[in-house]
There are 2 protein chains.
Amino acid sequence: MTRPFTREPTVPSTSPHQLGRRERQIMDAVYRLGRATAADVLAALPDPPSYSAVRAMLRILEEKGHLRHEQDGPRYVYRPAADAGEVGRSAVKHLLSTFFNGSAAQAVAAILGEARDGLSDAELDRLSSLIDAARAGEEDR
Amino acid sequence: MTRPFTREPTVPSTSPHQLGRRERQIMDAVYRLGRATAADVLAALPDPPSYSAVRAMLRILEEKGHLRHEQDGPRYVYRPAADAGEVGRSAVKHLLSTFFNGSAAQAVAAILGEARDGLSDAELDRLSSLIDAARAGEEDR
DNA sequence: AGCACTATGCTAATAAATTAGCACTCACGT
DNA sequence: ACGTGAGTGCTAATTTATTAGCATAGTGCT
């Protein structure tokens, strides 16, 4: 027998929580969007299932405690239950340990390589000063 | 009804491929380890199932094309089928777009914040020069 | 030879994720 | 008043992931 072959091998996930593929895909979308309705999420998926399926997932993810919703008029607007910054940091940590042998320098290098053109002078300056700060922080230890 | 509640909400995943939770957990372990036997993987899991289960997962992941194995004497040694660097970059990209609004600067800031103490002077120097390189690269455009 | 250990091959059972579908409500326009 | 569209509530079916278990082979030891 051959397995269903789990679709595009190059679509990464990088999200927290130990969830099924759809669940994580949807969590990712909500993280990206910040706050989103079922329709928003549906539109954000490259691989969209039915509208119903998305709603069901959202409901389940809320049941599991990963999402919250507030009512905006007639519709539900979902957002992550956990603090986004927290989750992002946690994802970074995991990324480091999984792909970069825990080396922040290596990871930053990869990011800079990846982004190269997307960086403004202002951002580069900001990064420089962050590094200086890290250097300083290291001294008094 | 209440859902099984998908365990520690703070264990992130950050790995590529759209897989089930165990599958991804195991892929992550293999990425971290580079090459690993079933026993290695088992030992690397914080949440270990049975040895049998791990073996089955590895077999399936290979069937799906995510892993390869070579025989080392009596045992199988698994390694990722895809180029690790490739996958790492892809994971970074996804991390950026999901949690940092596509902003490399923001992500780097998060990493530096996370790593803070783990950075040697040499690494900091290396990062500085990477940034300078990016600055230079931007000029001639 | 027989035992313990570690490995794989394979299969079947269970749990979980994923999907679609239908019923209902509310608001709005005709 | 009625149809239409966009929303939710809920459930049942299916597919996939996950697990454990048993049979078998080799190796080394006593």
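For helix packing I take axes as lines fitted to C-alpha atoms over the stretch in contact, with angles running from 0 to 180 degrees between N-to-C directions. The model is predicted.

Entry 1, helix packing. I looked up H4(A) against H4(B): their axes are 11 Å apart and the packing angle is about 175°. Angles over 145 degrees count as roughly antiparallel, and H4(A) and H4(B) are therefore roughly antiparallel to each other. From H4(A) the contact takes A:Val87, A:Gly88, A:Ala91, A:Val92, A:Leu95 and A:Phe99; from H4(B) it takes B:Val87, B:Gly88, B:Ala91, B:Val92, B:Leu95 and B:Phe99. I sorted the residues of this contact into 10 nonpolar, 2 polar and no charged.

In one of them, A:Tyr31 and B:Phe99 lie 4.9 Å centre to centre with 50° between the planes, a tilted pair. This pair crosses between chains, with A:Tyr31 in helix H1 (residues 21-33) of chain A and B:Phe99 in helix H4 (residues 84-99) of chain B. I find both A:Tyr31 and B:Phe99 buried. I then checked A:Phe99 and B:Tyr31: their ring centres are 4.9 Å apart and their planes at 50°, so this pair is tilted. A:Phe99 and B:Tyr31 are both buried.

Setting aside neighbours within four places in sequence, I listed the contacts of B:Leu58, among them B:Ile26, B:Val41 and B:Tyr78.

Note on methods:
Residues numbered from 1 in each chain as written. Chains lettered and ligands numbered in written order. Predicted model: local features only at pLDDT ≥ 70, side-chain atom pairs only at ≥ 80, totals over all residues. Heavy atoms only, no water. Contact = heavy atoms within 4.5 Å. Phe/Tyr/Trp six-rings, centres within 6.5 Å; stacked < 30°, edge-to-face > 60°. Helix = DSSP H or I, 4+ residues; strand = E, 2+ residues; numbered from the N terminus. Buried < 20%, exposed > 50% of the residue type's maximum accessible area, 1.4 Å probe, protein only. Parallel < 35°, antiparallel > 145°, perpendicular 65-115°, else oblique. Nonpolar A, V, L, I, M, F, W, Y, C, P; charged D, E, K, R; others polar.
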